[in-house]
Amino acid sequence: MSVTWRHLPASAREIAGAATDAVEAAKARDNEAYEVAADRLARAERSGLVLGSVVRLLLEATHRDGLDGDDVRQVLERCVRAAATWRPDVDPHVVLVLLAGALGVYDPGEDDSPPDPAALARHGPLLVADLLAVTGRPVDGYLSAAFAEIERTERND
């Protein structure tokens, strides 16, 4: 599926472009391209919200019967092991925070060392790329669905 983000505001287009670039770099294990794209994500306001929505949608797609603790552990281990082969700085705690945040069960107030937004931006695409490998689908459709969901939520609030 090919998606254009021309209809989105400039800030959303930047998030979509940076996320796509980071996920593609993660799939290719291209450290240099990944750094550039992750830096763009770290600077983009609300990129965490978008990536969190994409992760949640991917978790729903890959675990249609719901997730339990073992499923979360398996996703965490698979993602960290795969990323560690080319990103030795991958932090399992940050990936766990991303998973818990996407599932709506993370409270940064209860975390002694919550990751900063830059760390989340550097790890989010790793998790997205790992989950996409399970679905075999491109990130475009999940990004579009995430933007639509965010827009719907904001309209209803």
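This is a predicted model: local features need pLDDT of at least 70, side-chain atom pairs count only at pLDDT 80 or more; totals for chains, interfaces and linings use all residues.
Let me start with a helix contact: Tyr34, Glu35, Ala38, Asp39, Leu41 and Ala42 of α2 meet Ala118, Ala121, Arg122, His123, Pro125 and Leu126 of α6. Sorted by class, the contact of α2 with α6 has eight nonpolar residues, one polar and three charged.

On geometry, two packed helices are described by the angle between their axes and the distance between the axes. For α2 and α6, the angle is about 125 degrees and the axes are 8 Å apart. Angles of 65 to 115 degrees count as roughly perpendicular and those over 145 as roughly antiparallel, and α2 and α6 are therefore oblique to each other. The crossing of α2 over α6 is right-handed.

The second pair is α3 and α7. Here the packing angle is about 115 degrees, with the axes 9 Å apart. That makes α3 roughly perpendicular to α7. α3 also passes α7 in a right-handed crossing. On the α3 side, the contact is made by Leu49, Val50, Ser53, Val54, Arg56, Leu57, Leu58 and Ala61. On the α7 side, the residues are Tyr142, Leu143, Ala145, Ala146, Phe147, Glu149 and Ile150. By class, the contact of α3 with α7 divides into 12 nonpolar residues, one polar and two charged.

Now the core. The largest nonpolar core has 49 residues, and Leu127 and Val128 are those with the most contacts inside it. Which elements give two or more residues to this core? They are α1 (10-28), α2 (31-43), α3 (47-62), α4 (69-84), α5 (92-102), α6 (117-135) and α7 (139-156). The most comes from α1, which gives nine residues.

To look at Leu127 in detail: leaving aside residues up to four places away in sequence, Leu127 touches Val55, Val75, Cys79, Val95, Leu98 and Leu99.

Last, two loop residues with backbone angles to check on the screen. Arg29 lies in the loop between α1 and α2. Its phi is near 55 degrees, a positive value in a residue other than glycine. Is Arg29 buried, exposed or partly exposed? Its relative accessibility is 44%, so Arg29 counts as partly exposed.

The other one is Arg46, in the loop between α2 and α3. Arg46 is not a glycine either, and has a positive phi of about 75 degrees. With a relative accessibility of 42%, Arg46 counts as partly exposed.

How values were computed
Residues are numbered from 1 along each chain as its sequence is written. Side-chain values use heavy atoms; hydrogens and water are left out. A nonpolar core is a set of buried Ala, Val, Leu, Ile, Met, Phe, Trp, Tyr and Cys residues joined through side-chain atoms within 4.5 Å. Buried means under 20% relative accessible area, exposed over 50%, partly exposed in between (1.4 Å probe, protein chains only). Helices (H or I, at least four residues) and strands (E, at least two) are DSSP runs, numbered from the N terminus. Contact means heavy atoms within 4.5 Å. Axes are lines fitted to C-alpha atoms, for helices over the stretch in contact, and angles run from 0 to 180 degrees between N-to-C directions. Angles under 35 degrees count as roughly parallel, over 145 as roughly antiparallel, 65 to 115 as roughly perpendicular and the rest as oblique. A crossing is left-handed if the near helix is turned anticlockwise from the far one by less than a right angle, and right-handed if clockwise. Ala, Val, Leu, Ile, Met, Phe, Trp, Tyr, Cys and Pro count as nonpolar, Asp, Glu, Lys and Arg as charged, and the others, Gly among them, as polar.
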